[in-house]
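Work through the exercises below with the sequence and the 3D view open. Try each task before reading its solution.

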Amino acid sequence: MARISRIALSLVALLGGTILTLPGTASADVTAVTAYNTRTQHLIDDPRLGWEESCVERRIKLDTGTYDWGRVMGSRHTSWRTIELGADWYTWRDCLWPKNGYYLQTTMLDPDNPDWVLVSDSASLKVAYTGTWTWGGYLDPQF
């Protein structure tokens, strides 16, 4: 019994010391992290219409708020637009569609909530050289 009491006392002393070293104020502000939906693959600098498209898809749970929504191509991040989203699960899909000499990159966010609309965007892009590229999209919370 004495052994258990000493162990319990030691734990209380340890936890008490830890609590005393914590900052005096707690913050409810938590910076949200940028989310990515990307794929790394070999791309040709002169694609042709009719080649197979390439897509990447993920499920993501998002909080209510404003997001900077954009695309990733290599180390470059380009904003498409700012969007307002409600808290929900979404299916996020990015695709590259080969055209003659360039790619059409499309992105969409499809909410599970049937009362909300699917949001999508697209842009043409050309890769600078044939090689391995990371491409896709990002959502950067603005809250």
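**Exercise 1: Serine 54**

Serine 54 is found in strand S2, which spans residues 54–62. Helices (H or I, at least four residues) and strands (E, at least two) are DSSP runs, numbered from the N terminus. The model is a predicted one, in which local features need pLDDT of at least 70 and side-chain atom pairs count only at pLDDT 80 or more, while totals for chains, interfaces and linings use all residues. Residues are numbered from 1 along each chain as its sequence is written, and side-chain values use heavy atoms, with hydrogens and water left out.

Task: decide whether serine 54 counts as buried or exposed, and list what serine 54 touches.

Solution. 
Step 1. Recall the cut-offs: buried means under 20% relative accessible area, exposed over 50%, partly exposed in between (1.4 Å probe, protein chains only).
Step 2. Serine 54 has 10% relative accessibility, so it counts as buried.
Step 3. A contact means heavy atoms within 4.5 Å. Not counting residues up to four places away in sequence, serine 54 touches Arg39, Gln41, Asp94, Cys95, Leu96 and Trp135.
Step 4. With glutamine 41, serine 54 has a side-chain to side-chain polar contact of 2.6 Å. A polar contact is a pair of N or O atoms within 3.5 Å; within protein, one must be able to donate a hydrogen and the other to accept it, and residues adjacent in sequence count only if both atoms are side-chain atoms.

**Exercise 2: The sheets**

Task: find the strand order of the open sheet that contains S1, and then that of the open sheet that contains S2.

Solution. 
Step 1. Begin with the inventory: the protein chain has one helix and eight strands. From the N terminus on, the order is α-β-β-β-β-β-β-β-β.
Step 2. Two strands pair if DSSP finds at least two bridges between them. Strands of a sheet pair through backbone hydrogen bonds, either parallel or antiparallel.
Step 3. Aspartate 68, for example, has aspartate 140 in S8 as its bridge partner.
Step 4. An open sheet of four strands, also antiparallel in its pairing, runs S2-S5-S6-S7. Here S2 and strand S7 (119–125) are the edge strands, each pairing on one side only.
Step 5. S5 pairs with strand S6 (residues 103–111) over nine bridges in the antiparallel sense. The bridge partner of aspartate 94 in S6 is threonine 107.

**Exercise 3: The disulfide**

Task: which cysteines does the disulfide join, and why does the pair tie together parts that are apart in sequence?

Solution. 
Step 1. A disulfide is counted when two cysteine sulfur atoms lie within 2.5 Å. The structure holds one disulfide.
Step 2. Cysteine 55 is joined to cysteine 95, with S to S at 2.0 Å.
Step 3. Because cysteine 55 lies in strand S2 and cysteine 95 in strand S5, the pair ties together parts that are 40 residues apart in sequence.
Step 4. The link of cysteine 55 and cysteine 95 is right-handed, with 110° about the S-S bond.
Step 5. Cysteine 95 counts as buried because its relative accessibility is 3%.

**Exercise 4: Arginine 59**

Task: which side chains make polar contacts with the side chain of arginine 59?

Solution. 
Step 1. Arginine 59 is in strand S2. At 41% relative accessibility, arginine 59 counts as partly exposed.
Step 2. Leaving aside neighbours within four places in sequence, arginine 59 is in contact with Trp89, Tyr90, Thr91 and Asp112.
Step 3. The side chain of arginine 59 makes a polar contact of 3.1 Å with that of threonine 91, and one of 2.7 Å with that of aspartate 112.

**Exercise 5: The largest core**

Task: how many residues does the largest nonpolar core have?

Solution. 
Step 1. A nonpolar core is a set of buried Ala, Val, Leu, Ile, Met, Phe, Trp, Tyr and Cys residues joined through side-chain atoms within 4.5 Å.
Step 2. The largest such core has twelve residues, including Ile60, Trp69, Tyr90 and Leu139. S2, S3, S4 and strand S5 (88–98) are the elements that give two or more residues to this core.
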